[in-house]
Structure formats: structure tokens, C-alpha cells
Amino acid sequence: MLTARQRPTPWSGRGDVAVRIAPDARALERGRPVEGQQPDASPVALVLIHPDTETALTGTLHCARTRIHGAWTAPYRLLTHALAGRDLPPDIDLST
């Protein structure tokens, strides 16, 4: 997990992404770009999903590329709100 956190796999614009939901937070969440999202779009339109069940946890959010940590990998699961049994903050703003 520490290696994945310190040396994230770059996100290619396709597939799931690890997103920092607060600029100064250590927690990462699993995001999935909405269907039809262009790989080079900025901001990225995505939905946060549960890391195990793949259930949508939010509606569409517009995420600044600076919030993208890298491509989603299994070790990030341990850093999510869902695994810790916590709800996501109700006022998530990923635009900056």
C-alpha cells in the first residue's frame, strides 16, 4: 500500500481513478469516469463508487485533474471512507 501511495501508476484517462476528496487528506476514493468522457478532458466528470461493490456513492462530480492521484489499484481500498465505515462528506467539491 505504501508503494502504491508513494509511486502511483499514472492515470491514462481510461479506467478507474484514485481521487483525493480533500486537498490535504490522505484518504483516496475510487472514481469512475462517466460514459463518453474524453481521456484528456479537464475537468474530469466522474462518479465516486464503493471499492468493493462498485455501487455509485455520488452523482456526477467535476474533478480537477490535480485531485487525481493515479490509476485505481487494489491497495487504495484500505484508504477509502467505505472501508473505514464512514460516509462521504455531503458537500464534496472536487473542482479545485
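Q6 lies in helix α1, which covers residues 2–6. Helices here are DSSP runs of H or I with at least four residues, strands are runs of E with at least two, and both are numbered from the N terminus. This is a predicted model: local features need pLDDT of at least 70, side-chain atom pairs count only at pLDDT 80 or more, and totals for chains, interfaces and linings use all residues. Residues are numbered from 1 along each chain as its sequence is written, and side-chain values use heavy atoms, with hydrogens and water left out.

**Overall fold**

- The chain has two helices and five strands.
- Read from the N terminus, the element order is α-β-β-β-β-β-α.
- The radius of gyration is 12 Å, close to the 12 Å that the globule rule gives for 96 residues, so the chain is as compact as a globular protein of that length. The radius is taken over C-alpha atoms, and the rule is 2.2 Å times the number of residues to the power 0.38.
- The C-alpha trace spans about 30 × 30 × 25 Å along its principal axes.
- Contact means heavy atoms within 4.5 Å. Among contacts between residues at least 6 apart in sequence, 56% join residues at least 24 apart.

**Surface and charge**

- Of the 96 residues, 43% count as buried. Buried means under 20% relative accessible area, exposed means over 50%, and partly exposed is in between (1.4 Å probe, protein chains only).
- The chain exposes about 5,500 Å², and carbon and sulfur atoms supply 52% of that area. Areas come from the Shrake-Rupley method with a 1.4 Å probe; for residues, only the protein chains shown count as cover.
- There are 11 positive and 10 negative charges, and their mean positions are 8 Å apart. Lys and Arg count as positive, Asp and Glu as negative; His and the chain ends are not counted. Each charge is placed at NZ of Lys, CZ of Arg, CG of Asp or CD of Glu.

- Q6 is exposed, with a relative accessible area of 58%.
- Q6 and H69 are 63 residues apart along the chain, and their C-alpha atoms are separated by 9.8 Å.

- R20 sits in strand β1, residues 17–20.
- R20 is buried, with a relative accessible area of 19%.
- The R20 side chain reaches the backbone oxygen of T66 at 2.3 Å.
- A22 belongs to the loop between β1 and β2. A22 is partly exposed, at 23% relative accessible area.
- A22 and R65 are 43 residues apart in sequence; C-alpha to C-alpha, they are 13 Å apart in space.

- The peptide bond from S42 to P43 is cis, with omega near 0°.
- P43 is in the loop between β2 (28–33) and β3 (44–49).

**The loop between β3 and β4: E54**

- E54 is found in the loop between β3 and β4 (61–63).
- E54 has a positive phi of about 60°, although it is not a glycine.
- E54 is partly exposed, with a relative accessible area of 41%.
- Not counting residues up to four places away in sequence, E54 touches R30, R32 and I49.
- E54 and G31 are 23 residues apart in sequence and 9.7 Å apart in space, C-alpha to C-alpha.

**Helix α2: H81**

- H81 is in helix α2, residues 81–84.
- H81 is buried, with a relative accessible area of 10%.
- A polar contact of 2.5 Å links the side chains of H81 and E29.
- Leaving aside neighbours within four places in sequence, H81 is in contact with I21, A27, E29, R86, D87, L88 and P89.

Notes. Polar contact = N/O pair within 3.5 Å; in protein donor to acceptor, adjacent residues only side chain to side chain.
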